[in-house]
Amino acid sequence: MQIGTVELGKTPRVIVALSGENLKGNLEKARELKVDLIEARLDLLSDVSKESFRSFLDAVADFGFYSVSTIRPVWEGGKFKGSEEERLELFKLAVSHPATGAVDVELRAKILPYVKEMVEKERKVLIVSYHDFEKTPSKSEIEDILGRAKDAGADIVKVAFAGREPSDATRVCCVLENFDHPKVFMVMGEVGKFTRVVGFSFGSLLTYTFFGEPVAPGQIEAEKLIRLLCEFYPEYSKEKERFLHPAIEEVL
């Protein structure tokens, strides 16, 4: 599977979440670090409009990146406060923009079927996501969420749960390893931070990172994350040799 020209599955892939703040500087840094994809957090823009969306995605394209475009609502941890009808209109622009390689829409969103139609028409990738910032569900609940997202037409299923105990992260890894569908997963918080590195060993396709301030609990800063991936995945280190560092303890 590919998002834009980025092939997923053979080696770890890193996606950095960006807002409009210092956009060009952060895109330059992403290019220097050879980050694979941009998560266009369009809901975090100070001006949430078609014009600001277009300008943001134009900049992503100018720097040679493809994006996973997201308009996350407040009810799933984002900043978008408008109606679902308003959000659907904004998705139309995001989906059709050449920089958008994939779109992330929530499993619980009423507009999911309509976004799916748009994505299929534009031949982009549909990520159906589910976030729980309070807990990690039981094994059967996780399996139900995964099944519903797959049945909803997800090209990639993404789940993120809040980890309270080490067993939460263990449970998620074990369940996701046996989920035979393209997936991205992480356990948020300190007890699940390691899933952002080892998730690839259980079939996850992407790991999310940040510059400056994290946008989700437990994220690892971009350069530190890249160094860790180089340390644990030889095939990845071949692409990122200049980020290998002898003092790996500085990253941990």
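**Annotated sites, helices and core**

Student: Which residues is Arg72 in contact with, leaving aside its neighbours within four places in sequence?

Tutor: Arg72 is in contact with Glu39, Arg41, Asp43, Gly77, Gly78, Lys79, Phe80, Asp104, Glu106, Ser129, His131 and Lys158, once neighbours within four places in sequence are left aside. Keep in mind that this is a predicted model.

Student: Where is the place of Arg72?

Tutor: Arg72 sits in the loop between strand 5 (67–70) and helix 3 (84–96).

Student: Is Arg72 buried or exposed?

Tutor: Buried, because its relative accessibility is 3% and the cut-off for buried is under 20%.

Student: Which residues does the UniProt annotation "binding site" cover?

Tutor: According to UniProt, in an unreviewed entry, the "binding site" annotation covers Glu39, Ala40, Arg41, Arg72, Arg196 and Gln219. From this set, Glu39, Arg41, Arg72, Arg196 and Gln219 belong to the lining of the largest cavity.

Student: And Glu39, where is that found?

Tutor: Glu39 is in strand 4 (residues 37–41). Glu39 counts as buried because its relative accessibility is 3%. Not counting residues up to four places away in sequence, Glu39 touches Ile15, Val16, Ala17, Leu18, Val68, Thr70, Arg72, Lys158 and Tyr208.

Student: Where does UniProt place the feature "active site"?

Tutor: The unreviewed UniProt entry places "active site" at His131 and Lys158. These residues are spread over 28 residues of sequence but cluster in space, with a largest C-alpha distance of 8.4 Å. Both His131 and Lys158 are included in the lining of the largest cavity.

Student: What about His131, which strand does it lie in?

Tutor: His131 lies in strand 7 (residues 125–132). His131 counts as buried, at 8% relative accessibility. With neighbours within four places in sequence left aside, its contacts are Arg72, Glu76, Arg108, Lys158 and Ala160.

Student: And the place of Lys158?

Tutor: Lys158 is in strand 8. Lys158 is buried too, with a relative accessible area of 6%. Leaving aside neighbours within four places in sequence, Lys158 is in contact with residues including Glu39, Arg72, Asp104, Tyr208 and His131.

Student: Which residues of helix 2 are buried?

Tutor: The buried residues are Ser52, Phe53, Phe56, Leu57, Ala59 and Val60. They cover an arc of only 150° around the axis, so they are on the same side of helix 2. The face turned away from that buried side carries the exposed residues Glu51 and Asp62.

Student: What covers the buried residues of helix 2?

Tutor: The cover includes strand 3 (14–18), helix 1 (23–32), strand 4, strand 5, helix 3 and strand 6 (100–106).

Student: What follows helix 2?

Tutor: Gly64 follows helix 2, and the phi of Gly64 is positive, near 85°.

Student: Which residues touch the most other members of the largest nonpolar core?

Tutor: Leu27, Phe56, Val115, Val159 and Leu176 do, in a core of 68 residues. Apart from that one lies another core of 18 residues, among them Leu8, Ile15, Val125 and Ala160. In soluble globular proteins, nonpolar side chains tend to be buried together.

Student: Last topic, backbone. What is the phi of Asn22?

Tutor: Asn22 has a positive phi of about 50°, although it is not a glycine. Asn22 is in the loop between strand 3 and helix 1, and is exposed, with a relative accessible area of 51%.

Student: And the phi of Lys34?

Tutor: Lys34 has a positive phi near 60°, and is a residue other than glycine. Lys34 lies in the loop between helix 1 and strand 4, and counts as partly exposed at 43% relative accessibility.

Conventions:
Residues numbered from 1 in each chain as written. Predicted model: local features only at pLDDT ≥ 70, side-chain atom pairs only at ≥ 80, totals over all residues. Heavy atoms only, no water. UniProt positions renumbered as here; feature names shortened; annotations may be inferred. 1 Å grid on protein atoms, 1.4 Å probe; cavity = no way out; pocket = protein on both sides within 12 Å on 5 of 7 lines; lining within 4 Å. Helix = DSSP H or I, 4+ residues; strand = E, 2+ residues; numbered from the N terminus. Buried < 20%, exposed > 50% of the residue type's maximum accessible area, 1.4 Å probe, protein only. Contact = heavy atoms within 4.5 Å. Core = buried A, V, L, I, M, F, W, Y, C linked by side-chain atoms within 4.5 Å. Arc of directions from axis to C-beta.
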